[in-house]
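Trainee: Let's go through some labels together. I'd like each one checked against its cut-off.

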Amino acid sequence: MAGGTSPFWSAGSAETLSDLDATAAGLTGAEAAARLRRFGPNTIAAKHRRSTLVLLAAQFRSPIILILVAAALLSAFLGDRPDAAIILAIVLVSGLLTFFQERGASSAVERLLEVVKVKAQVVRDGAEVSVPHEDVVPGDVVVLSAGATVPADCLLLESTDLFVDEAALTGESFPVEKSVGVLPADTPLARRTNSVFMGTHAISGTARALVVRTGCATEFGSVSDRLAAPPRPTDFEQGVGKFGYLLMEVTLMLVIAIFAVNVLMHKPVIDSFLFSLALAVGLTPQLLPAIISINLAHGAKRMAERHVIVKRLDSIEDFGSMDVLCSDKTGTLTQGVVTLSGAYDVRGGDSEDVVLYAYLNSYFETGFANPIDVAVRASRSFDVSHVTKLDEVPYDFTRKRLTILVEREGRTLMITKGALSCVLDVCESARTPSGATVRLGDVRSDVEKLYRDLSARGFRTLGVAIRSDTPRDIDASAEAGMTLVGVVAFFDPPKEGAVAAVEGLRARGVRLKIVTGDNALVAASAWEQLGMAAPVVLRGAELHSMHERAAVRRVGAIDIFAEIEPNQKEYIVHLLQKAGHVVGYLGDGINDASALHAADVGISVNSAVDVAKEAADIVLLEPGLDVLAAGVEGGRTTFANTLKYVFMATSANFGNMFSMAGASIFLPFLPLLPTQILLTNLLTDLPEMAIASDRVDPELLERPRRWDVAFIRRFMLVFGLLSSVFDFATFGALLLVMRIPVASAYGQALFRTGWFVESVLSASMVVLIIRTRRPALSSRPGRLLAGATAAVWAVALAIPYTPVGAVFRFAPLPWQFLVMVAVILAAYGSAAEFAKRVFYRARDRERERTPRRARRV
């Protein structure tokens, strides 16, 4: 309410318009802009986009980083200002690098989301225009039609057969009829039939409504905290969390142990503390959030090039992990272009009267413009100038009927069209080709035979019934005692290339399951017309009578779920998830929203109704399985590159930190100073930031992959310890071959320099080896990754001979040591290749013994 003393549903349209200083003709563009500044955006919560300063601060929020900064400041206070300055500088540079990468990635994603943003139709400057929901302001006049999401709390100004689904707000499962009027001030929310509310959507009819409340002032805003259940963590999010806990456990144990040992060996406490924290920085997956964000953003851009827009970035990984895709057959196996193929009387003969009744029903209905009604209207052009519409009972997914009431030649005529079985339920009689009216039982067997014959040939059938001389106002209870006049048949041709697309998904490890309300004969016929093997079909009634545990065991083998009720779609998704599958759901209708929410990946198309597009994680700009297959590849590419970072963090980093921890125990000095460790981390992080643009081997895209922390732990132990073996070989070369005098400051500087150079070179080299299961030389890395690795090598080799080296307390290395480093690196590379081959062969043998659905990375 905007200034009056009565709630808007009890004030009437004239008073509410006056309170809002608005008119029924809508606002001007200038007025709307001023109100947007005054009332703010029409959102429940603050936008998810973080400001630049918040994003920058987020790079330094890790507890370990904050402790490290505090320790550096303490070190400066105690007199060691140069080292403190270096530590702070490295932390700053590392944070800035990830900041610029994340900011660029975030901006790119926001530009992509603009393409599929849900918009509202409002009247501005006397014309209907589309504006984003967040730009709707009090005083706007919104235009609603079937499938539209209500953008704010509104008072109806005009309404024609408007039915609204308010389940998200009131819990009412059936659509509520809305009409213009004035209600008492104490009318409860569920009975405010003259108003529509944010978070609901129109099922049928049309309306114009005045926006009264927006954002947090709406009814939905006032209860949003209660209504908003925390989303179920995705398979990817659970994997990231488990991996983070794994590294944090290893880090905590190492840090505590190393700090305690160094203190017991009477090494300086502050240096030992900084050394332990620097080790923690090296082991902690502090780059993981940034790497994932950058990786996902790059993935979203790649997928956008393939006409796939990602709304929820985390869904990219689940898209790649998806092994089951549920979809309706329309537009998937078929072209989605429905044509009226015939109209038949109750004896099976052609009937133009049936076409006329179906045409009148489709012409005057005001619900969602579904393909069937479009097909009926396109098939003929009857003169309806002498026919007046009186009332309508819109289609709903319980009755499965649509009824309109017209007046023709001074008499009322009610015409019902819908699923044949549901139309037969409200009929008592039937009209024969001669015009005689007979009992329905006399012709029912003929009608049912006609239905089976048409269905077996792939035609979708609807029944048409009439009733004359009814009251001038009707509701669903009027659908009784009707006369069946016949059946209309529709055909949706098979989609060219659908077989190849289905096989392409199957080859990638994704099995298509059709979930449709059509009868089993029609769905099976469409499947077989494409030349595919006879499908395994489960009917909705059979599913309803099946125990859940039995259903979980059976769903994996089903190809087609037919005659499915809308509420069963979500149930099917849950069953598949319980069976161990990562489930994608492709839907574009009003009744698909709950299944889209429940699926691991909700997929819709840009032409879908608002409520489906809002529920989706991914939106296809072009419908079709071929586009989906390209999207699956994009998701797997992103997942593969994310895993590369994980493998790097758990092998080279763990190995280096483990080696330094071990060396610090038997050496009388710290093997690397804290500043040198941080510089090592910074240099080895640079190639890892280029992972998002790396090439992925084709075999990594052939099947779904999922997180497996046990596998990652084994990888960490094998390759981390292998790295440590060659680190200790470096120590041996420095101490035993070159006999560096570690008792002197110069000898210690030389040791640290040699260890630094070998550490950086080996860590960046092994990135190129473990990024692929193939031999490294047969899998070309991306240009950015190769360039970053080469640059890091050049910097690491050059630093000891520059003034920067002196700042970090490095010393120039003799050429003999560089030769030994080359030998060690060659041996390490060969050993890593051998270990990789053995490791993955063992993994493959294990996979052969593992049921397919339980397989992970």
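Predicted model: local features only at pLDDT ≥ 70, side-chain atom pairs only at ≥ 80, totals over all residues.

Trainee: Why does arginine 809 count as partly exposed?
Mentor: Arginine 809 has 40% relative accessibility, which is why it counts as partly exposed. Buried means under 20% relative accessible area, exposed means over 50%, and partly exposed is in between (1.4 Å probe, protein chains only). Residues are numbered from 1 along each chain as its sequence is written, and side-chain values use heavy atoms, with hydrogens and water left out.

Trainee: Where is arginine 809 found?
Mentor: In the loop between helix 29 (803–807) and helix 30 (815–848). Helices (H or I, at least four residues) and strands (E, at least two) are DSSP runs, numbered from the N terminus.

Trainee: What is the phi of arginine 809?
Mentor: Near 65°, a positive value in a residue other than glycine. Most residues other than glycine have a negative phi. Lysine 400 has a positive value as well, with phi near 60°.

Trainee: What makes lysine 400 buried?
Mentor: Its relative accessibility is 15%, so lysine 400 counts as buried. You'll find lysine 400 in the loop between strand 11 (387–393) and strand 12 (401–408).

Trainee: And how do you know that lysine 329 is buried?
Mentor: By the 6% relative accessibility of lysine 329. Lysine 329 sits in the loop between strand 9 (324–327) and strand 10 (339–344).

Trainee: Which residues does lysine 329 touch, not counting those up to four places away in sequence?
Mentor: Thr334, Ile514, Asp518, Val522, Ala523 and Ala526. Contact means heavy atoms within 4.5 Å. With isoleucine 514, the C-alpha to C-alpha distance is 5.9 Å, although lysine 329 and isoleucine 514 are 185 residues apart in sequence.

Trainee: Why is valine 308 called buried?
Mentor: With a relative accessible area of 0%, valine 308 is buried. Valine 308 is in strand 8 (residues 308–310). Leaving aside neighbours within four places in sequence, valine 308 has contacts that include Ala300, Phe319, Ile618 and Gly631.

Trainee: What about the protein overall: what share of the residues is buried?
Mentor: Buried residues are 56% of the 857 residues. For contacts between residues at least 6 apart in sequence, 74% join residues at least 24 apart. The protein has 30 helices and 23 strands.

Trainee: On to helix packing. Why are helix 25 and helix 27 called roughly parallel?
Mentor: Helix 25 (residues 674–689) and helix 27 (residues 745–770) pack at about 20°, with axes 9 Å apart. Axes are lines fitted to C-alpha atoms, for helices over the stretch in contact, and angles run from 0 to 180 degrees between N-to-C directions. Angles under 35 degrees count as roughly parallel, over 145 as roughly antiparallel, 65 to 115 as roughly perpendicular, and the rest as oblique. Helix 25 and helix 27 are therefore roughly parallel to each other. The residues that meet include Leu679 and Leu683 in helix 25, and Phe756 and Val760 in helix 27. The contact of helix 25 with helix 27 has 6 nonpolar, 5 polar and 1 charged residues. Here Ala, Val, Leu, Ile, Met, Phe, Trp, Tyr, Cys and Pro count as nonpolar, Asp, Glu, Lys and Arg as charged, and the others, Gly among them, as polar.

Trainee: What makes helix 13 oblique to helix 14?
Mentor: Helix 13 (residues 352–364) and helix 14 (residues 371–379) pack at about 120°, with axes 9 Å apart. That angle makes helix 13 oblique to helix 14. Ala358, Tyr359, Ser362 and Tyr363 of helix 13 make the contact with Asp373, Val376 and Arg377 of helix 14. The residues of this contact of helix 13 with helix 14 divide into 4 nonpolar, 1 polar and 2 charged.

Trainee: Is the crossing of helix 13 and helix 14 left-handed or right-handed?
Mentor: Left-handed. A crossing is left-handed if the near helix is turned anticlockwise from the far one by less than a right angle, and right-handed if clockwise. The crossing of helix 25 and helix 27 is right-handed.
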